[in-house]
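Subject: Structure handover, pockets

Hello,

I am passing on a structure that you have not worked with before. Please look it over; my notes on its pockets follow.

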Amino acid sequence: MKNEVLQKELIDLLEDRFTTSESVLVNFSKGEDAYDPIKPQAVVFPHSNEELSKILKLCNAHGTPVVPYGTGTSLEGHAVGNADGITISLEKFDKILKVNAEDFDCRVQANVSREQLNENLKDKGVFFPIDPGANAALGGMAACSASGTMAVKYGTMRTVVMGLTVVLANGDIIKTGTRAKKSSAGYNLTNLFVGSEGTLGIITEVQLKLSPIPESIMSAVSQFQDLESAVITAQEIIQYGASIARIELLNKDQMEISIKYSNLDNFKPLPTLFYEFHGSEDSNKESIEIVEEISKNHNGSDFTWARTTEERNKIWKARHNVYYSVKAQGNNIRVYTTDVCVPISNLVECIQFAENEIQNNGLKAPMVGHVGDGNFHVTIIYDPKKEDQYKYIRSFSDKLIDKALKLEGTITGEHGIGLQKKEYLLKQHPDNILLMKLIKKSFDQNNIMNPGKIFD
């Protein structure tokens, strides 16, 4: 490590939880993104808020950059290392601190994963509904304002985070929010940190809203002859006001991959909608009748029902594994993934634009979408050795972003900005960037917190 004084101070504090081991540096050099890894100078493993506070005070005093790291599942370069700094692993912040099932809330440390939390909750009559494809850490999900397949009914991390514990660049430990269901006490600092991607402070604890486990959960699949019919079906279901927990789109390319990867033997490689209904048996029956009618109006196939918990889990595991199914298509490939979100009435136009652009250039691009809330993902397979492919992909991404903004949407529904979408943020919010930088400066005067992410 270049700064020998800082290295000694960190070793004195952490002992063997400070490392410059080459293999560890490589493991903490990037997330699930398309970037080349950047190794930090060291990786540290604090185990408490107080210890993390001391680390940040030391790094702030020396002007040394820090990159927070949870499970490394981010897709836009948030966790790429800093060659002049250290990476702070939160893997020891893995405890569920308190569950208040009677009030539908809980408090967890930052590296508790969504699956770990739901395993703990399964006998308490409540569950945590925000479910990005990866088994991500809840602190990272808050930091990136993650979402998932059930956002259409249960919202996103912005709607379920009630409060946070955050360690700031100068070492201050602050707590935001309360357990109360509402508050008008001052600035909403909780939602300032949600989506801040580690640039304002490091989230160490999260207070979360929980939901009651529904009386009845029913999942079904319907397939369509063309993409437009599937998307219009989803759009009309939402516009009708049918009660539905999940409505997920997989295009033909993605279904072809998922059929093989996840053994979905009963399905064809066609545009497909996955549905799930949460509620009482009577309310689900009513919603299903509406959704089936709308689906059949657009020539959707008869519903294939997941009648057991195992069948239902298989369907949704296949949906959650789409990114990994695409990565498994070759040994020397990379995957460029991007997401946009538009008003539901503009979704058909935006998705058609994306698929036409890809097909016209002879590339294969699996697409999935949380079409119930206007959000979809394009995942493009490419050979990193062929620079012309990446240049085209970036050109396609530029066009898709412009289209989403023209349709009054956003450059990212749930991935965040990281490194990959910094220039797009300038397009979406040119009048906001100065204010964002002023906020960043007020929290992080020496620019040590995940510098270069969100904006330069």
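Helix H12 gives six residues to the lining of the largest pocket, the largest share of any element. Helices (H or I, at least four residues) and strands (E, at least two) are DSSP runs, numbered from the N terminus. This is a predicted model, in which local features need pLDDT of at least 70 and side-chain atom pairs count only at pLDDT 80 or more, while totals for chains, interfaces and linings use all residues. Residues are numbered from 1 along each chain as its sequence is written, and side-chain values use heavy atoms, without hydrogens and water.

The largest pocket holds about 870 Å³ of space. A pocket is an open set of points on a 1 Å grid over the protein atoms alone, where a 1.4 Å probe fits, with protein on both sides within 12 Å along at least five of seven lines; lining residues have an atom within 4 Å of a point. Its volume is the space filled by probe spheres set on the points, which are joined across faces, edges and corners.

Of the 28 residues lining the largest pocket, Arg114, Asn118, Phe127, Arg246 and Asn313 are closest to its centre. Two or more lining residues come from each of helix H4 (114-121), strand S7 (126-127), strand S14 (272-279) and helix H12 (309-320).

The second largest pocket has a volume of about 650 Å³. Among its 28 lining residues, Arg158, Gly195, Ile417, Leu425 and Met436 lie nearest its centre. H17 supplies the largest share of this lining, four residues.

Regards
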